[in-house]
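Me: I would like to learn how to read a structure feature by feature. Please take me through this one.

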Amino acid sequence: MIATILHSSSTFNAVNYNERKVSKGTAELLEISNFDYLQKTGNVTAANLQEYLVKYSSVNQNIKNTQFHVSISCKKQEYTHDQLLDIAHQYLKEMGYADKGQPVLIYAHHDTGNNHIHIVTSRVNPQGKKIEHDNERLRSQAIINKIMGIEPKYEAKSIIQKAMEYSFATLGQFQAILESNGYESYVEDDKLNVKKGGTVLDSIVIKEIELAMTKTTMEESSKQRKRLKVILLKYRGLTSNKEDLNKMLKKKLGISLVFIGKKDAPYGYMVVDHKNKAVYKGSDILDIKTLLVFKQQQNIPVGEREKAILGFIRKLIEENDKLTIGEINKSLWWKYRVNIYHDGYIRDKQRKISIAVDKEYFSILRKNFRRLWIQGFNPATEEERTILCKFGHIDDEGVI
């Protein structure tokens, strides 16, 4: 469970953001509280909600950006939106946003594979005072952990123990295993301190790490490195940047790339193979300059371009047959500056190109769109699922 505090503003533009999602059918307003006359008259529009929150917050002129906007998400459908709503109430109370009269909007979003909600309220309380915000990002996740009964120190200790089971040859490679699991680390005296969210959660004596190191010769690891090189080149061709590449590799194959250096200009990387519990120096597999060459292919001859676009779509769907049109369009737009439209044709903005998607593949994409839409209703029983599948023309109920 993750709580992410989003950008603040003076105009409460988060309301407009969420209401646009509602109008598109990818979100719904789960709860509206303490909006007085708007709720009584039923005149609930994005503009009216924004105006109300601005007016409510104006009693304290010392606060410039009064919007408090937070997203709470879980892994896939681990929690229903109703359960997330209960968690939101506890969260708001712990964070100081649950006083009587505090205006709150809570939205459920259905546009990703992970159930999540958005909360919008004011940083001003009903008495006109600013709500405590010191260290709010640290407090926010600590409160979520408390609500969920998660003990961060226990989790960190568990990750360290699992990392010791990997095959690694240097302290840096051990740190790469930790980083691939979301933990930072640094050396202090004879220990490696492990932290997350700015808090040191555990430490391990470096000598213990050194005793667990394994030295593997280039000859011994040759087969695995060749296998990883083929994988990196293949998935590089299906993604648009190193973040997308890393995300796809971890999701599909349990492989993480940990980059070294500046975020936008890394000078090296390591490959963490979680499935086989091994770490490799990236340059021993594929040099970083070659790895990070993500080619855009917009200026190629028309006939070749059409063939390349259709081939690219085929590869993406063969790699992941759960993709929706929206998901596939992200890669298509980056690489070719085109999108698939819901009439089954591929076009660019100037409509200089119009290609029909293969019927078989377009059928898969449409089915996935309906599947995601139906899943957004969170059917709780087989009967509910059957009704929704009939409504959405889904024959195989098992996909829901």
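Me: Which residues lie nearest the centre of the second largest pocket, and how many residues line it?

Reply: This is a predicted model. The second largest pocket is lined by 25 residues, and Gln-173, Val-279, Tyr-280, Lys-281 and Asp-284 lie nearest its centre. Its volume is about 460 Å³.

Me: Which elements give two or more residues to the lining of that pocket?

Reply: Strand 10 (266–273) and strand 11 (278–281) do. By residue type, the lining divides into 11 nonpolar, 10 polar and 4 charged.

Me: How do strand 10 and strand 11 pair, and over how many bridges?

Reply: Start with a general point: in a regular strand the side chains alternate between the two faces of the sheet. In this model, strand 10 and strand 11 pair in the antiparallel sense over 4 bridges. Asp-273 stands opposite Ala-278 in strand 11. The two strands form a hairpin with 4 residues between them, and Lys-277 has a positive phi near 50° there.

Me: In what order do the strands of the open sheet run, and is the pairing parallel or antiparallel?

Reply: The open sheet has 3 strands in the order 12-13-14, with antiparallel pairing. Strand 12 (339–340) and strand 14 (354–356) are the edge strands, since each pairs on one side only. Strand 13, residues 345–347, pairs with strand 14 over 3 bridges. Within that sheet, Tyr-345 stands opposite Ala-356 of strand 14.

Me: Now a helix. Which residues of helix 13 are buried?

Reply: The general idea is that an α-helix has 3.6 residues a turn, so residues three or four places apart point the same way. Helix 13 covers residues 325–336, and its buried residues are Ile-325, Ile-328, Asn-329, Ser-331, Leu-332, Lys-335 and Tyr-336. Arg-337 follows the helix and has a positive phi, near 60°.

Me: Let me try a single residue. Where is Leu-84 placed, and why does Leu-84 count as buried?

Reply: Leu-84 is in helix 4, which spans residues 81–95. Leu-84 counts as buried because its relative accessible area is 0%, and the cut-off for buried is under 20%.

Me: Which residues is Leu-84 in contact with, leaving aside neighbours within four places in sequence?

Reply: Leu-84 is in contact with Met-1, Ile-72, Cys-74, Tyr-79, Asn-115, His-116 and Ile-117. A separate reading is the distance between C-alpha atoms: those of Leu-84 and Ala-108 are separated by 8.8 Å, with the two residues 24 apart along the chain.

Me: Cys-74 is in that list. How many disulfides does the structure hold, and is Cys-74 buried or exposed?

Reply: The structure holds 0 disulfides. Cys-74 counts as buried because its relative accessibility is 4%. Cys-389 is also buried, with a relative accessibility of 1%.

Me: What share of the contacts joins residues at least 24 apart in sequence?

Reply: Among contacts between residues at least 6 apart in sequence, 61% join residues at least 24 apart.

Definitions and conventions: Residues numbered from 1 in each chain as written. Predicted model: local features only at pLDDT ≥ 70, side-chain atom pairs only at ≥ 80, totals over all residues. Heavy atoms only, no water. Buried < 20%, exposed > 50% of the residue type's maximum accessible area, 1.4 Å probe, protein only. Contact = heavy atoms within 4.5 Å. Pairing = 2+ DSSP bridges. 1 Å grid on protein atoms, 1.4 Å probe; cavity = no way out; pocket = protein on both sides within 12 Å on 5 of 7 lines; lining within 4 Å. Points joined across faces, edges and corners; volume = space filled by probe spheres on them. Nonpolar A, V, L, I, M, F, W, Y, C, P; charged D, E, K, R; others polar. Disulfide = S-S within 2.5 Å.
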